[in-house]
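Here is a short report on a protein model. Look over the sequence and the fold, then read on.

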Amino acid sequence: MASSIRVRAIQNGDVTDVQTLIQHPMDTGLVKDAKGELIPAHYIQRVSFEHNGKAVFLADWGTAVSKDPYIKFAFKGGAKGDDLKVSWADNKGATDSLTAKIQ
Amino acid sequence: MMAHAAAFPTRRVILQVILQGAGAVALLGLGQAALGVVPALAAANDAYPEDAFRQKSATDAIKLLYGRDHEPSDKVKLDAPEIAENGGVVPISVTTTLADVTAIAFVVAENPNALAASYKIPAGTVPAVANRLKMAKTSNVIALVEAGGKLYSATKEVKVTVGGCGG
């Protein structure tokens, strides 16, 4: 199965620009389905980014982050070819991770 | 490197702690109880701030997350649309010229739970974040920036024509 994570890390001068898209329903627990029953909350709580094993960014999310979340940030100290690892965990205990190369 | 790993423990690390014995867990529990006086600061360092995300009001969420008041600052630039046609996907970003930024958060005051997202900014990471949030209805959006031990903010009203929380 294809990864739920798509990440693009591009070296731009002395900073690395990171854009990430994650496929996830991000259900709030407030929406009803076609039968009128509440869809239980199902959302990513934490996303972490590590550059060569060092934490460079940490996201804690509630249910108000949009479905299929997008996130963009930048950090210093990266170089082309370095590893950038993205991992997430949701409120049901599911996780996924992906290691990308900085371009 | 170890310091950073300790600051953001993964589930695996937590599992290992649990597997290392109930004694360790009991000690951890005691430690947290002792730190109960400053729960926001203790929690902000590593654990997922579950309580802050459960708060209905922006004020309560901010207090729990940072344990201090925020002051408006023109050095915090919040970029959000005037009008969002689809409250389910509202692009919101913040940048700041403040130095020593350690955390950034977004609060949507009128959402069922006000706190939307909280970010930790380690040294070396650029203090700017872009993300997409859901908005139940027209609301003030507050961007919070923790820098040098103080909490700064910028606020903007976003008008929502179709809410994004099932309304």
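## Ground rules

Contact, or touching, means heavy atoms within 4.5 Å. The model is predicted: local features need pLDDT of at least 70, side-chain atom pairs count only at pLDDT 80 or more, and totals for chains, interfaces and linings use all residues. Residues are numbered from 1 along each chain as its sequence is written, chains are lettered from A and ligands numbered from 1 in the order in which they are written, and side-chain values use heavy atoms, with hydrogens and water left out.

## Core and B:Tyr119

A nonpolar core is a set of buried Ala, Val, Leu, Ile, Met, Phe, Trp, Tyr and Cys residues joined through side-chain atoms within 4.5 Å. Buried means under 20% relative accessible area, exposed over 50%, and partly exposed in between (1.4 Å probe, protein chains only). The largest such core has 67 residues. Those touching the most other members are A:Val47, A:Phe49, A:Phe57, A:Trp61, B:Ile104, B:Phe106 and B:Tyr119. Strand 5 of chain B (residues 101-108) gives the most to this core, with 7 residues. Strands (E, at least two residues) and helices (H or I, at least four) are DSSP runs, numbered from the N terminus.

Take B:Tyr119. Leaving out residues up to four places away in sequence, B:Tyr119 touches A:Phe57, A:Leu58, A:Ala59, A:Trp61 and A:Ile71 in chain A. In chain B, its partners are Thr102, Ala103, Ile104, Phe106, Val129 and Asn131.

## Chain A at a glance

Chain A has 0 helices and 7 strands. Its C-alpha atoms fill a box of roughly 50 × 25 × 20 Å along the principal axes. Of its 103 residues, 50% count as buried. Among contacts in chain A with a separation of 6 or more, 53% join residues 24 or more positions apart.

## A:His42

A:His42 lies in the loop between strand 2 (15-22) and strand 3 (44-51) of chain A. A:His42 counts as buried because its relative accessibility is 18%. Its side chain makes a polar contact with the side chain of A:Asp90, at 2.8 Å. A polar contact is a pair of N or O atoms within 3.5 Å; within protein, one must be able to donate a hydrogen and the other to accept it, and residues adjacent in sequence count only if both atoms are side-chain atoms. Beyond four places in sequence, the contacts of A:His42 include A:His24, A:Pro25 and A:Lys92.

## B:Pro112

B:Pro112 sits in the loop between strand 5 and strand 6 (115-120) of chain B. Its relative accessibility is 31%, so B:Pro112 counts as partly exposed.
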